[in-house]
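Thanks for coming. I will go through one structure, a few residues at a time, and finish with the ligand.

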Amino acid sequence: MTARGERPVVLLVHGPNLNLLGERDPTLYGTATLDQLVAAATAAAAEAGLELEHVQSNAEADLIEAIHRARGRCAAIVVNAGALTHYAWSLHDALAAYDGVKVELHLSNPSAREPWRHLSVLAPVVDGTIAGFRADGYPLAVAAAARLIRRAEQTEA
Ligand code: DQA
């Protein structure tokens, strides 16, 4: 998925309301803004030899299009889909049709919150999930993606 000498690309995807991070419910999500979280993920990606692209949208269709555009181009997707996590089967299908590494990410721990947040419709089509570590989850998710990319490269070689 990468030309020689190019860094593999990780697409970081954010869903609805995550543009409000920093102001939105800091007791659950922490005080870091979206820009600060993206900067932390970008730094972690650079450290792991990866390039990071970012998209945030409050519209499900935009996220699906971004995932389609990642097909055959990005080595991994790290996705915090916000509340769409819990009901957006179209996002599930878009991720199922993407054949790179997939890491689901949440600032909070949805399993410890309201029952409607306990279901992730994305969970069956991702490699793994990082949840509940607040801002620290961003470098952790990028590091997890990097490890899975390397593992895939080794099995291809
Ligand atoms: C979230 C958890 C979701 O349940 C919620 O709707 C969000 C944020 C998280 O990062 O903890 O918007 O994805």
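Let me start with a question: in which loop does Ser57 lie? Ser57 sits in the loop that runs between β2, residues 51-56, and α3, residues 60-70. Keep in mind that this is a predicted model.

Is Ser57 buried or exposed? Its relative accessible area is 7%, and the cut-off for buried is under 20%, so Ser57 counts as buried. As for what surrounds Ser57, leaving aside residues up to four places away in sequence, it touches His14, Gly15, Pro16, Asp62 and Leu63. With one of these, Asp62, there is also a polar contact: the two side chains, Ser57 and Asp62, are joined at 2.7 Å.

Next, Ala96. This residue belongs to helix α4, which covers residues 89-96. Ala96 has a relative accessibility of 45%; buried would need under 20% and exposed over 50%, so Ala96 is classed as partly exposed. Which residues does Ala96 touch, if we again do not count those up to four places away in sequence? They are Lys102 and Val125. Val125 is 29 residues from Ala96 in sequence, yet the C-alpha atoms of the two are 5.5 Å apart in space.

Now the ligand. Which residues surround it? The list is Arg24, Tyr29, Asn80, Gly82, Ala83, His86, His106, Leu107, Ser108, Arg113 and Arg117. Sorted by class, that shell holds three nonpolar, five polar and three charged residues.

Ser108 has a polar side-chain atom 2.5 Å from an oxygen atom of the ligand. For Arg117, a polar side-chain atom is 2.8 Å from a ligand oxygen. In Arg24, an N or O atom of the side chain lies 3.1 Å from an oxygen atom of the ligand. How much of the ligand's accessible area does the protein cover? On its own the ligand has 320 Å² of accessible area, and the protein covers 99% of that.

Last, confidence. The chain has a mean pLDDT of 96, with 97% of its residues at 70 or more.

Conventions. Residues are numbered from 1 along each chain as its sequence is written. This is a predicted model: local features need pLDDT of at least 70, side-chain atom pairs count only at pLDDT 80 or more; totals for chains, interfaces and linings use all residues. Side-chain values use heavy atoms; hydrogens and water are left out. A residue is near a molecule or strand if one of its heavy atoms lies within 4 Å of it. A polar contact is a pair of N or O atoms within 3.5 Å; within protein, one must be able to donate a hydrogen and the other to accept it, and residues adjacent in sequence count only if both atoms are side-chain atoms. Accessible areas come from the Shrake-Rupley method with a 1.4 Å probe; for residues, only the protein chains shown count as cover. Ala, Val, Leu, Ile, Met, Phe, Trp, Tyr, Cys and Pro count as nonpolar, Asp, Glu, Lys and Arg as charged, and the others, Gly among them, as polar. Helices (H or I, at least four residues) and strands (E, at least two) are DSSP runs, numbered from the N terminus. Buried means under 20% relative accessible area, exposed over 50%, partly exposed in between (1.4 Å probe, protein chains only). Contact means heavy atoms within 4.5 Å. pLDDT is the predictor's confidence in each residue, from 0 to 100.
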